Amino acid sequence: MAAKLRLKCPNCGKIVNTDASAVCPECKTAIALPEGKVYLYRQGSPYGVAGGFGIYVNGEPYGFIGNKETLCFCLPYGSYTFHCAVGMSRKCRDLVINLTPEMTEAFAKVYIKAGFWANSFVIEPMDPKLLNL
């Protein structure tokens, strides 16, 4: 299973799904790959299967993730809070990830936890061996 690369254009801010030779489709700026990577896998579930989960990194929207999809967020070293939401469902157990020269990659999964009144999202670390990258 290959992970799609998800980048943010440094020039115009557009979120781009791309490969290593990235050029922003909006402003045609070449996008260099930052040194850190966060792999996020959405577990398969009948809950919310029709729509993508909205992904937010440090409060900024980073597109959507589909059912059983894996994304690779290329980010510079630093601290990042990952959050998911869809429609009126905003409740999420966020995950904070610190990318450093000693820890250049992080692996996480997101899933819906069914609740009595409302469902919530859970983002938690996962074993990279389970991704088959």
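What pattern does the chain follow when read along the sequence? The chain follows the pattern β-β-β-β-β-β-β-β-β-β-β-β-β, and its secondary structure comes to zero helices and 13 strands. Helices (H or I, at least four residues) and strands (E, at least two) are taken as DSSP runs and numbered from the N terminus. The model is a predicted one, in which local features need pLDDT of at least 70 and side-chain atom pairs count only at pLDDT 80 or more, whereas totals for chains, interfaces and linings use all residues. Residues are numbered from 1 along each chain as its sequence is written, and side-chain values use heavy atoms, with hydrogens and water left out.

Of the 133 residues of the chain, 35% count as buried; the term denotes under 20% relative accessible area, with exposed meaning over 50% and partly exposed lying in between (1.4 Å probe, protein chains only). Among contacts with a separation of 6 or more, 54% come from residues 24 or more positions apart, a contact being defined by heavy atoms within 4.5 Å.

Strands of a sheet pair through backbone hydrogen bonds, either parallel or antiparallel. Here, two strands are taken to pair if DSSP finds at least two bridges between them. Strand β10 runs parallel to β13 (residues 120-125), to which it is joined by two bridges. Within this pairing, C92 has F121 of β13 as its bridge partner.

A further open sheet has four strands in the order β7-β6-β9-β11, with antiparallel pairing. The edge positions are taken by β7 (60-65) and β11 (95-99), each of which pairs on one side only. On average, neighbouring strands of this sheet are turned by 30° against each other, direction ignored; the axes are lines fitted to C-alpha atoms, for helices over the stretch in contact, and angles run from 0 to 180 degrees between N-to-C directions.

Strand β6 is mostly covered, since four of its five residues are buried. It pairs with β7 in the antiparallel sense over four bridges, and the bridge partner of G54 in β7 is F64. The hairpin of β6 and β7 has two residues between the strands, and N58 takes a positive phi near 50° there. Four bridges also join β6 to β9 (residues 78-85), and these two strands run antiparallel. In β9, C84 is the bridge partner of I55, while F82 stands opposite V57.

Four aromatic pairs are found in a search of the whole structure, where rings of Phe, Tyr and Trp (its six-membered ring) pair if their centres lie within 6.5 Å, with planes under 30 degrees apart counted as stacked, over 60 as edge-to-face and the rest as tilted. The rings of F53 and F121 have centres 4.7 Å apart and planes at 70°, so this pair is edge-to-face. F53 lies in strand β6 (residues 53-57) and F121 in strand β13, so that the pair links parts of the chain 68 residues apart. F53 is buried, its relative accessible area being 2%, and F121 is likewise counted as buried at 2% relative accessibility. The charged end of R42 sits over the ring of F53, 3.6 Å from its centre; this requires NZ of Lys or CZ of Arg within 6 Å of the ring centre and within 35 degrees of the ring normal. One aromatic cluster is formed by Y62, F73 and F82.

L40 lies in strand β5 (residues 36-42) and is buried, with a relative accessible area of 1%. The C-alpha atoms of L40 and I55, which are 15 residues apart along the chain, are separated by 10.0 Å. When residues up to four places away in sequence are not counted, the residues that L40 touches include I55, I65, L71, F73, V110 and I123.

No disulfide, defined as a pair of cysteine sulfur atoms within 2.5 Å, is found in a search of the whole structure. For C72, the nearest cysteine sulfur is that of C74, 4.2 Å away, and C72 counts as buried at 1% relative accessibility. For C84, the nearest cysteine sulfur is that of C92, 5.5 Å away; C84 counts as buried at 0% relative accessibility.
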